[in-house]
Amino acid sequence: VGALEKMNYFLSDNIIVEVEDSIHWLGADKYKRKISVGRFLIDTNLFQIVRPYDARENVVGYIGSLIRSKGVMNLSKAIPLILETRKDIRFILGGGGPLFHEIEKEVKRNGLSKKVTLLEWIPHEEVQHRLNQLKLLVIPSYTEGGVQAVALEAMACGTPVLTTPVGGITELVKDEENGFILEENSPQRIANRVVQALEHPKLSEIRQNAYNLVREEYSYEAVVKRYREILYGR
């Protein structure tokens with residue numbers, strides 16, 4: 001497979017990646033002269049602000065696969081620590097995966113069933129409804145191959161994102177400018193950063209910057225324009 005990938009890189013006239021960090025990750029550094037950075041499409045007609053941020057309850061959430069590489073167990077262990085400081089917060093953890101029952105046991109063991117809503121896999125057309133319930137989306141992954149679409153979808157819904165600096169996310173999220181960076185994903189650090197993010201004095205400005213970014217660079221019109229420039233030079 002690796003040999004076929006290298007042959008395709010060599011034969012291609014143009015290589016398009018989602019984020020610049022992908023170039024090194026793909027082992028395509030030697031082909032930089034013919035690599036362009038594209039964008040993937042976020043349906044901003046579907047993912048938009050339906051419930052105003054200030055009208056939402058204090059809900060922090062995670063949406064994605066319930067697997068260890070996503071760091072979701074650390075998030076579940078951070079919940080009791082968050083509640084020590086902010087008893088008014090509730091949580092939604094949504095997604096299918098092998099850790100579902102383990103997280104469920106963790107929630108029950110800590111007596112947090114009334115504070116945590118644990119959902120099975122959420123259909124894509126329902127994700128925007130859940131994002132519009134949240135005051136903060138947490139993405140505590142250990143590793144990612146690129147940018148998680150759910151981060152952009154959250155930003156399009158006016159929901160700020162707290163994420164580890166993995167994959168291409170650092171090209172998207174700038175700490176305390178249009179989101180929040182989680183330097184490491186231990187339960188204590190997650191707890192501290194969740195509280196800091198929710199209480200940040202410039203949270204409204206940060207949310208607006210994130211919303212504008214998605215509209216300006218990831219909407220249908222913006223993506224068409226970018227690929228027209230890449231493919232046709234105009």
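## Exercises on parallel strands

Four bridges join strand β4 to strand β5 (residues 116-119), and these two strands run parallel; strands here (E, at least two residues) and helices (H or I, at least four) are DSSP runs numbered from the N terminus. This is a predicted model, in which local features need pLDDT of at least 70, side-chain atom pairs count only at pLDDT 80 or more, and totals for chains, interfaces and linings use all residues. Residues are numbered from 1 along each chain as its sequence is written, and side-chain values use heavy atoms, with hydrogens and water left out.

**Exercise 1.** Find the bridge partner of L93 in β5, and follow the chain from β4 to β5.

*Solution.* Begin with the pairing, for which DSSP must find at least two bridges between two strands. The partner of L93 in β5 is L118. Next, trace the chain from β4 through helix α4 (residues 100-109) to β5, a β-α-β crossover that is right-handed, meaning that, with the strands pointing away from the viewer, the path from the first strand over the helix to the second runs clockwise.

**Exercise 2.** State which residues of β3 point one way and which the other, and whether they are buried or exposed.

*Solution.* In a regular strand the side chains alternate between the two faces of the sheet. In β3, V59, G61 and I63 point one way, while V60 and Y62 point the other way, and all are buried, where buried means under 20% relative accessible area, exposed over 50% and partly exposed in between (1.4 Å probe, protein chains only).

**Exercise 3.** Name the residues that stand opposite V60 in β4 and in β6.

*Solution.* In β4, V60 stands opposite F91, and in β6 V60 stands opposite L136.
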